[in-house]
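Please examine the structure shown below with the following explanation at hand.

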Amino acid sequence: MAKVKSLADLKKMKEQLQSKVDLREKGEDPESRVQVKVAMATCGIASGAKTVMDYFLEELDKRSIDAVVTQTGCMGYCYAEPTIEVKLPGQEPVVIGYVDVKKADEIIEKYIKNGELVDGIIPMNYNTIDNQ
Amino acid sequence: MHMLVCGGTGCRASASDAIVETLKSELAAKGMENEVQVIMTGCFGFCEKGPIVKVLPDNTFYTQVTPADSAEIVAEHIVKGRKVNRLLYTDPENKQHISDSKHMGFYKKQLRIALRNCGVINPENIDEYIARDGYQAIGKVFEMGAQAAIEQMKKSGLRGRGGGGFPTGLKWEIASKNHADQKYVVCNADEGDPGAFMDRSILEGDPHSVIEAMTINGFCIGATKGLVYIRAEYPLAIKRLQIAIDQAREYGLLGKDILGSGFDFDMELRYGAGAFVCGEETALIHSMEGERGEPTVKPPFPAESGYLGKPTNVNNVETFANIPVIILKGAEWFSAIGSEKSKGTKVFALAGKINNVGLIEVPMGTTLREVIYEIGGGIKNGKKFKAVQTGGPSGGCLTEKHLDTPIDYDNLLAAGSMMGSGGMIVMDEDDCMVSVAKFYLDFTVEESCGKCSPCRIGNKRLFELLERITKGEGTMEDLDRLRNLSEVIKDSSLCGLGQTSPNPVLSTLDNFYDEYIAHVTERKCPAGQCKSLMQYVVDQEACVGCTACARNCPVNAIAGDRKKPHVIDTSICIKCGACIEKCKFNAISIQ
Amino acid sequence: MSHIKVELKKEDVAKIKEICKAFNNNPGELINVLHKAQSYFGYLPAEIQEVVAQELNIPVAKVYGVVTFYSFFTMIPKGQHPISICTGTACYVRGAEKVLDEFKRILSVSVGETTPDGKFSLSCLRCVGACGLAPVVMVGEKVYGRVSPDGVKDILKEYE
Amino acid sequence: METVKLTIDNRQVEVPKGTTVYKAAKTLGIDIPVLCYMDLGDMNIENKPGGCRICVVEVEGRRNLAPSCSTTCAEGMVVKTHTMRVINARRTIMELILSDHPKDCLTCAKSGKCELQDMAVKLGVRNIPGQEYAEMSTYKTDFSPSIIREMDKCIMCRRCETMCNTVQTVGALNAVNRGFMAVVAPAFEQDLEKSPCTYCGQCVAVCPTGALTEVDSTPKVIRALADPTKTVIVQTAPAIRAALGEEFGMAPGTLVTGKMAAALRQIGFDYVFDTDFAADLTIMEEGTELLDRLTRHLNGDKNVKLPILTSCCPGWVNFFEHNFNDMLDVPSSAKSPQQMFGAIAKTYFADKMSVKREDLVVVSVMPCLAKKYEAQRDEFKVNGNPDVDFSISTRELAHLIKEFNINFADLADEDFDRPLGESTGAAVIFGATGGVIEAAVRTAYEVHTGKKLPKMDFTELRGMEGIRSATIDFDGLPINIGVAHGLGNARKLLEDVRSGKANYHAIEVMACPGGCIGGGGQPLHHGDSSILKARAAAIYREDAEKPIRKSHENPYIHKLYEEFLGKPMSEKAHHLLHTHYFDKGNKDIYI
């Protein structure tokens, strides 16, 4: 990876990365994929987030669903760990708590495949600085 | 279509289960059960107006719904497509109904600044950070210059998030004015409060923001070296921070000539080894130097003579995490958030007897009530709220009467607690406040470095006094001693640890004096937590003589014939509580 | 402090020297050196501290002073399955003390001790940050959440 | 000089910038009580951890009380040293310290000279509330050959740690553990005997309580005196006569040579001798060794080691055996005066008196605690019988005199006995830093050049500076001499020698700051270095008043060589008066 040499470089890089993300998020990218983020902070891992993440990686592949599974930090819902966020192309992301392997299976079958919500989704209860 | 029914404990208590049932049956009656799904969700964080029902995809947000309202919602909204206006949220300002919850962001009590990227980006991928404006702030600082950046920091009103609340910009300015051949930037990531994990979450979720902020700090004060003093007990945070440092180096965002500015900055990790006192900056510096982490008298402050005797600026993780945003969005934007003397937001680790244990971030000035009842979803198991402890072992216990106090540095201090690093532990009616004070003193006794006598011996004596009281051996004189000793320890200890360690005692003495009195004069623990003061008694009326208690008693203290009421021999009873748990008839109680 | 006489092997000494050298034998890196040594040997007996002192050219009393200051460092070998009970505030208010008592009772050891068969050692730690799961117990790297005194037996059974 | 103005107890004072509040108050005659604080100003030794918190004062505008010992005066500061708040804090802290301190004051070795006791009196502490249920920290007592450590009495003032590490660089003691169990101890809390302790006794000299005391040998001396079969003789080191008076209320620097001899005779010693005699003998041997090495060096002998190091200080011998084990052939092989005396007493003198070796008891009075250990070294024993049976300190001698109800002040001066009581001025100055080498120069010059000394006083070798050097002209041959007192200074000097940076022919080292007059066995100077200066002046005064001031002119020394030893460094002299050293450094502890 080449070094970022100036602020201008950095900004250009940001634009590129941002637009890639935007395309994906707005679902305008024809190749847009399902995104699954697993909260993998200590508390999440302690409650089994690693197993859940592995399950998604394996099962989505097995069930031929084109998806990106990534890890992220603490979402703040410690009471409901492990938590994950699922984003279907062109839709708002949904956070789901108390995810174990069984729940993960339900999420894949119901929400990811058919867009049916499942019990245990956690409404986003905070404002972000993006809309400030 | 989806109908989301809040399944948070608060809403559940007000019949959200019934709402789900009626909604389902109404839909079934209309033959729409396959088109519209009813989903039970987690807490919306708006318990005050619960139960909540939200209809997707149009984001209609109904408040204070009763089971009786279900039919109307289905009939009107689902079938006819007309919103039920009377159930919509009413803006208290203009009395307008708001139908689309997208337009009612204001109900959300939380604002994520320090946690902006936590749970959003992959912390192990620098690209995701850059895509969210990462490292733009350092570029901006290079353009505006160190002096202007320090001005921004001062104007923003940001105060240290580690506990003391010292103005960050001022701290930087002092460090920038001390001349030396080498200066240091230190990030205090030795989060030691039991029950606090804000810093850890930030480092695990957004390590680059800390790296960027430290670089900004370095540029502003003229330091080329950064050190992160991090708890060795945080392996994941260490790993992610190390990955982030390596990636930043690879991109040239750490190292020589960052972004072509000519400014060099690099950083390394130093590990803590389990000493709470190392959260104090002079102790932290000694620890980084390979010494016992004993604090030294200030002045000299680290800004003058810190790590290896060089000017050093120490800030904690959360403070740093705020900085890139302040630079990018400007001091005015930041200072518009929060209260008069405390700007911005504060992250709290909300835990204890509360439904929504979690990591939250609220604007300064939010009340404890909002945090506990809205965001936290109220007290677990429908128990009664008793106290909330903020500031960890250095803080105090606040009560009912403080619930509407806006949270900021000065208010908490005035109320006898402190901001601390952000632990917030909620306690209910079952918690004995004398025991809680004892718990914190036990911690302080173990964590005192032993250097100064008030802290080394005084806290031990406080603990012993509290122990006597919880055993029912205390006297009224002990209560006076407790107060005098607490005040002297606070007044005369060397460092912040001793100067704050009596706070849990003083605040409980102030707010729960009755409970102390009960322990001393009646030899009773009103909360029923102090073992020595408890007696287990079998209610002779309720006992059916099932023998479950007697069979499970580990010391055979329970006697009684089958199908006849049993009796506990209190001289043998070890008060383990096994009998209470086994009794299916609620016949055993603590007196 | 109780002592366990340890005889270091030649390669152990070489390892300690190598660790010290990696930190340029800089006394300012003492804590980092001790971390590395403990993660390699599992604990820091007197003999290891003596070698470290010699390599960093500082009095061994000072090394010992540092080792005994920080609760992370131990001079007693941990059990095969180190059990740590979180006694952070969140776990405390949710009953960690009772869980700890149960471990003590079943294993017949106090905090900081190892069972005679070397299988389990018991210690307390302050907040692993999994307060949502309180009370929390760690056995080795594995975290158990929402542990009740009744559940203690089941946890121990896993390691029999 | 820059100054600051401040107000203390409503009085204005102007002090140089950087002055502490404690010192500023002193200029006004306000004596703020201090406990852990220690200032040996002239030797740049200061201990101000700010740990005991007894010296706290109120500073206007500050939230907490400030420790006056380590708070620097600032312009316009307003200080109050005795408000109710301060007095209450001081007394409460004192009660706390005492609550963790044994109450065996009546039988404590430090009773009457204990700073903690004095402070309790000063602060008017009459009871310790809650003592009956206050846990005390306990540690095992450590009996070494010289020093007893009873750490239950430690108040964590850290003075010993400062002396052992910063001043002496011995590194035997360090603060260990944390909190209530924090204490100063050797590694692994083992006994001093297993540590690199040199027994210099500086820790004992500064300990404010009975935590560190010397091993009391007076009961054994009394038993020997009471045994009719024994001939008991005593030798007194040069530094005793300049300090013993202080124990009887005399001004520091009062010479009590005659009274001391009289007192010893009254106690019942059969012969009262002077270690000074042996000091003259030491000069004969060491001086000859110096000249021998020097001559061989000048003649191009590559095997000869220079510089020669003096070896009369046992603390220093222990130090180099531990720390400079690669240089064991550098120090002079001459025994110390104490041991030379013992060796001559148990051979030459015993023969003369026809007393069997086992029936002759040699007692030494030394300003030193390391001498106790030295006397017990195996190489100084013949068939298990030591050359010196018991070594007692100046303080122990004072106890003995008091125990024997001798009115010391009223004693008429008496002389030492012959032959081992005759000495020269050169021997007397052994007691002060620089004295041994000055004595050696006086003799070596005349022996080497064959000429009379042009002057007797080598003031360039005297003084209190830690490391001094001078070049003495040996009639055209420049001799480079180094002097160090305090082991930290010795280490510096020796490291320069080891690295080849320093080029000396001879070096004198004394373990204790000031030399033997500041020895670990001397009356406590409580950190007042003017006392040391007065003692040194007394020593030089006695030297100046002596009719003979050069060791080689002592007629009894001549007689000793004629009758018994032959000549310096003869085979017999070698056997009796020289020794060898042992490697006590980091032995191959592993494998």
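This is a predicted model: local features need pLDDT of at least 70, side-chain atom pairs count only at pLDDT 80 or more; totals for chains, interfaces and linings use all residues.

Strand β6 (residues 126–128) of chain A is joined to β7(B) by three bridges, and the two strands run parallel. Within this pairing, N127(A) stands opposite L111(B) of β7(B).

Chain B itself is divided into domain 1 (2–105), domain 2 (126–332), domain 3 (345–428), domain 4 (433–522) and domain 5 (535–590). Between the C-alpha centres of domain 2 and domain 5 of chain B there is a distance of 58 Å.

A pair of helices in chain B deserves attention next. Two packed helices are described by the angle between their axes and the distance between the axes. Helix α16 (residues 433–447) and helix α17 (residues 453–470) of chain B pack at an angle of about 150°, and their axes are 9 Å apart. Because angles over 145 degrees count as roughly antiparallel, α16(B) and α17(B) are described as roughly antiparallel to each other. Their crossing is left-handed. Among the residues that meet are V434(B), L441(B) and V445(B) in α16(B), and L462(B), F463(B) and L466(B) in α17(B). The residues of this contact divide into eight nonpolar, four polar and four charged.

The explanation now turns to chain D. Five of its strands form an open sheet in the order β2-β1-β7-β5-β6, with mixed pairing. The edge strands of chain D are β2 (11–16) and β6 (66–67), each of which pairs on one side only. Strand β5 (residues 56–59) of chain D is joined to β6(D) by two bridges, and these strands run antiparallel. The bridge partner of V57(D) in β6(D) is A66(D). Across β5 and β7 (78–80) of chain D lies helix α2 (residues 84–99) of chain D, which runs at about 155° to β5(D).

Chain D also touches chain C, in a contact that takes 17 residues from chain D and 18 residues from chain C. On the side of chain D, ten of these residues are nonpolar, five are polar and two are charged.

Definitions and conventions:
Residues are numbered from 1 along each chain as its sequence is written. Chains are lettered from A and ligands numbered from 1 in the order in which they are written. Two strands pair if DSSP finds at least two bridges between them. Helices (H or I, at least four residues) and strands (E, at least two) are DSSP runs, numbered from the N terminus. Two residues are in contact if their C-beta atoms, placed from the backbone, lie within 7 Å. Axes are lines fitted to C-alpha atoms, for helices over the stretch in contact, and angles run from 0 to 180 degrees between N-to-C directions. Ala, Val, Leu, Ile, Met, Phe, Trp, Tyr, Cys and Pro count as nonpolar, Asp, Glu, Lys and Arg as charged, and the others, Gly among them, as polar. Angles under 35 degrees count as roughly parallel, over 145 as roughly antiparallel, 65 to 115 as roughly perpendicular and the rest as oblique. A crossing is left-handed if the near helix is turned anticlockwise from the far one by less than a right angle, and right-handed if clockwise. Domain bounds come from an automatic or database domain assignment.
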